Amino acid sequence: MKKLLGLLLASAALATASVDANAQAPAGDIPADMNALMTKYTCIACHRPNQRLVGPAYADVAKKKYSNDEIVNLIYNPVPAHWPGYPPMAAMKQVPKEDAMKLAVWINSLDGGAKKTSTKKTTTKKTSKS
């Protein structure tokens, strides 16, 4: 029952926010190409770069230090437990992976532009000369 109530609340919040889906954020906040993707996939209905709406600000997502691949996965398979205090996000499986990756790279750029491509860790071996 709680899950159904949460889903209903999230749907109501999304419906309310989608009325404002075509509203443009200040030009300096969102690059035109990202604004186009966010509008096309209705991301802008719930998210802004530096402002909490229905969902967290993208700058707050960037602070979580998710890799780009993790953000793409969270677009397709949201984990509400990662964001207590927010309604659960609907899975956005209609977003093509290429576009989801563009969004993820841009979101992560809001945290100083650190490169985050995957969750795999690499190690290097030190070699010494004899």
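Good morning. I begin with helix H4, residues 68-76, and helix H5, residues 97-109, which pack at an angle of about 120° with their axes 8 Å apart. Please keep in mind throughout that this is a predicted model. The angle makes H4 and H5 oblique to each other, and their crossing is right-handed.

Which residues make this contact? On the H4 side they are Asn 68, Asp 69, Ile 71, Val 72, Ile 75 and Tyr 76, and they meet Lys 97, Ala 100, Met 101, Ala 104, Val 105, Ile 107 and Asn 108 in H5. Sorted by class, the contact of H4 with H5 comprises 9 nonpolar, 2 polar and 2 charged residues.

Helix H2, residues 32-40, lies against H5 at an angle of about 125°, and the two axes are 11 Å apart. H2 is accordingly oblique to H5, and here the crossing is left-handed. From H2, the contact draws on Met 34, Leu 37 and Met 38; from H5, it draws on Asp 99, Lys 102, Leu 103 and Trp 106. The class count for H2 with H5 is 5 nonpolar, no polar and 2 charged residues.

The axes are 8 Å apart for H4 and H5, and 11 Å apart for H2 and H5.

How many aromatic pairs does the model contain? The count comes to 2. In one of them, Tyr 58 and Trp 106 are arranged edge-to-face, at 5.7 Å centre to centre and with 75° between the planes. Tyr 58 belongs to helix H3, residues 58-63, and Trp 106 to helix H5, so the pair ties together parts that are 48 residues apart in sequence. Are these two residues buried or exposed? Both Tyr 58 and Trp 106 are buried.

In the other pair, the ring centres of Trp 83 and Tyr 86 are 6.0 Å apart and the planes stand at 80°, so this pair is edge-to-face too. Trp 83 has a relative accessibility of 19% and therefore counts as buried. Tyr 86, with a relative accessible area of 16%, is buried as well.

Thr 42 is not a glycine, yet it has a positive phi of about 65°. This residue sits in the loop between H2 and H3 and is partly exposed, its relative accessible area being 35%. Lys 65 is likewise a residue other than glycine with a positive phi, near 65°. Where is Lys 65? It lies in the loop between H3 and H4, and its relative accessibility of 52% makes it exposed.

Finally, the chain as a whole. It has 5 helices and 0 strands, and along the sequence the pattern reads α-α-α-α-α. Of the 130 residues in the chain, 35% are buried. What share of the contacts between residues at least 6 apart in sequence joins residues at least 24 apart? The value is 56%. The pair of Tyr 58 and Trp 106, with its 48 residues of separation, has already shown us H3 and H5 tied together.

Thank you for your attention.

Methods
Residues numbered from 1 in each chain as written. Predicted model: local features only at pLDDT ≥ 70, side-chain atom pairs only at ≥ 80, totals over all residues. Heavy atoms only, no water. Axes fitted to C-alpha atoms, helices over the stretch in contact; angles between N-to-C directions. Helix = DSSP H or I, 4+ residues; strand = E, 2+ residues; numbered from the N terminus. Parallel < 35°, antiparallel > 145°, perpendicular 65-115°, else oblique. Left-handed = near helix turned anticlockwise from the far one by under 90°. Contact = heavy atoms within 4.5 Å. Nonpolar A, V, L, I, M, F, W, Y, C, P; charged D, E, K, R; others polar. Phe/Tyr/Trp six-rings, centres within 6.5 Å; stacked < 30°, edge-to-face > 60°. Buried < 20%, exposed > 50% of the residue type's maximum accessible area, 1.4 Å probe, protein only.
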